[in-house]
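Visitor: I have a model open and would like to go through it piece by piece. Can you take questions as they come?

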Amino acid sequence: MDTPMHNEHLTCIDCGAAFLFSADYRARFASDDLALPKRCGRCRQARHDRVETASARYVDAFSDVDARRALFRERQKKVKKGQP
Ligand SMILES: [Zn+2]
């Protein structure tokens, strides 16, 4: 509570660009008890997309796009069935 909120610039670990970590954002991160962002918005989004597509770590073993898609579809089916 004593810590004054201020805007800050962080360096993206992916592209090395400086990005603004605003006081507003900072407050949200603090309240959610999250680690500080390591990537700029663009790299974070790119990473997010990648994680969404590669639903599991073992998918990385497949370089074949079709295999990935099949796996992704399979997962979607499971989600629809309501499995954990
Ligand atoms: Zn970046």
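Visitor: What should the 17 residues of helix 3 span, and how far apart are its end C-alpha atoms?
Guide: Helix 3, residues 65-81, should span 24 Å at 1.5 Å a residue, and its end C-alpha atoms are 25 Å apart, which agrees. The expected span is 1.5 Å times one less than the number of residues. This is a predicted model, in which local features need pLDDT of at least 70, side-chain atom pairs count only at pLDDT 80 or more, and totals for chains, interfaces and linings use all residues. Residues are numbered from 1 along each chain as its sequence is written.

Visitor: Is helix 3 in the open or buried?
Guide: Zero of the 17 residues of helix 3 are buried, so the helix lies largely in the open. Buried means 20 or more other C-beta atoms within 10 Å of the residue's own, exposed means 12 or fewer, and partly exposed is in between, with C-beta atoms placed from the backbone.

Visitor: Which element has the lowest mean pLDDT?
Guide: Helix 3 has the lowest, at 77, and strand 2 has the highest, at 91. For the protein, the mean pLDDT is 77, and 76% of the residues reach 70 or more. pLDDT is the predictor's confidence in each residue, from 0 to 100.

Visitor: Back up a bit. What is the order of elements along the sequence?
Guide: The pattern is β-β-α-α-α, from two strands and three helices. These are DSSP runs numbered from the N terminus: helices are H or I with at least four residues, strands are E with at least two.

Visitor: How many bridges join strand 1 to strand 2?
Guide: Four, and the two strands run antiparallel. Strands pair if DSSP finds at least two bridges between them. E8 has F21 as its bridge partner, and H9 has L20. The hairpin has six residues between the strands, and G16 takes a positive phi near 80° there.

Visitor: Where does C15 sit?
Guide: C15 is in the loop between strand 1 (8-11) and strand 2 (18-21). C15 is exposed, because 12 other C-beta atoms lie within 10 Å.

Visitor: Which residues does C15 touch?
Guide: Leaving out residues up to four places away in sequence, C15 touches C40 and C43. Contact means C-beta atoms, placed from the backbone, within 7 Å. The C-alpha atoms of C15 and R42 are separated by 9.5 Å, with the two residues 27 apart along the chain.

Visitor: New topic, P37. Which residues is P37 in contact with?
Guide: Neighbours within four places in sequence aside, P37 is in contact with L10, F21 and R44. P37 lies in the loop between helix 1 and helix 2 (41-53). P37 counts as partly exposed because it has 17 C-beta neighbours inside 10 Å.

Methods:
Contact = placed C-beta atoms within 7 Å.
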